[in-house]
Amino acid sequence: MGIHDVERMIRGNIVWSAWEEGGYWGVDFSDIHHPRHVGYYVPPSRSDSARGTGHADDVFVMDDGLIFGSSSDAGAGGFWAMRFKKNLKGTVAWNADESNVIVTRTDRHGRHHGDKDDDD
């Protein structure tokens with residue numbers, strides 16, 4: 001696992017980066033001497049993935065905070081649209097025929113909730 005790409009236009013204290021098999025990570029540099037990760041997303045891999053892991057190549061962040069991630073890895077690649085929400089936790093997995101992803105949110109009590117909301 002190694003860093004592949006870093007956000008090019010830094011806006012605010014959180015910097016987003018793509019970490020190959022490690023996914024996309026947001027690091028808060030409010031205190032430059034003590035950076036801390038505040039969010040991450042590791043894309044799920046498909047059954048035909050040669051690597052067997054999610055993969056992250058590039059990251060782009062828009063002024064409104066929308067984060068786009070791309071990956072060219074066969075079987076695990078794709079184009080991901082993400083938005084950082086503090087304290088939001090969950091999982092993302094492919095559906096049975098691997099045509100779409102299923103997002104499951106975890107609430108503060110550890111309970112899972114299916115989510116059909118596609119703006120997160």
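Strand S2, residues 14-18, and strand S3, residues 24-28, run antiparallel and are joined by five bridges. Within this pairing, Val15 has Val27 of S3 as its bridge partner. The model described here is predicted.

The S2-S3 pair belongs to an open sheet of four strands, arranged in the order S1-S2-S3-S4 with antiparallel pairing. Strand S1 (5-6) and strand S4 (36-41) form the edges, each pairing on one side only. As a general point, the strands of a sheet pair through backbone hydrogen bonds, in either a parallel or an antiparallel manner.

The wider architecture may now be considered. The protein contains ten strands and zero helices, which gives the pattern β-β-β-β-β-β-β-β-β-β when read along the sequence. Of the contacts between residues at least 6 apart in sequence, 34% join residues at least 24 apart.

The largest nonpolar core comprises eleven residues, namely Trp16, Ala18, Tyr24, Tyr41, Ala56, Val59, Val61, Ile67, Trp80, Met82 and Trp94. At least two residues of this core come from each of S2, strand S5 (58-61) and S7. Ring pairs, moreover, link Trp80 with Tyr41 and Trp94 into a cluster.

Aromatic pairing extends to other residues. A search of the whole structure finds five aromatic pairs. In one of them, the ring centres of Phe68 and Phe79 are 5.4 Å apart and the planes lie at 15°; because planes under 30 degrees apart count as stacked, this pair is classed as stacked. Phe68 lies in strand S6 (residues 66-71) and Phe79 in strand S7 (residues 78-83), so the pair ties together parts that are eleven residues apart in sequence.

For the protein as a whole, 32% of the 120 residues count as buried. The accessible surface comes to about 7800 Å², and 53% of that surface belongs to carbon and sulfur atoms.

Notes: Residues numbered from 1 in each chain as written. Predicted model: local features only at pLDDT ≥ 70, side-chain atom pairs only at ≥ 80, totals over all residues. Heavy atoms only, no water. Pairing = 2+ DSSP bridges. Phe/Tyr/Trp six-rings, centres within 6.5 Å; stacked < 30°, edge-to-face > 60°. Core = buried A, V, L, I, M, F, W, Y, C linked by side-chain atoms within 4.5 Å. Buried < 20%, exposed > 50% of the residue type's maximum accessible area, 1.4 Å probe, protein only. Contact = heavy atoms within 4.5 Å. Areas by Shrake-Rupley, 256 points an atom, 1.4 Å probe, with all protein chains shown as cover.
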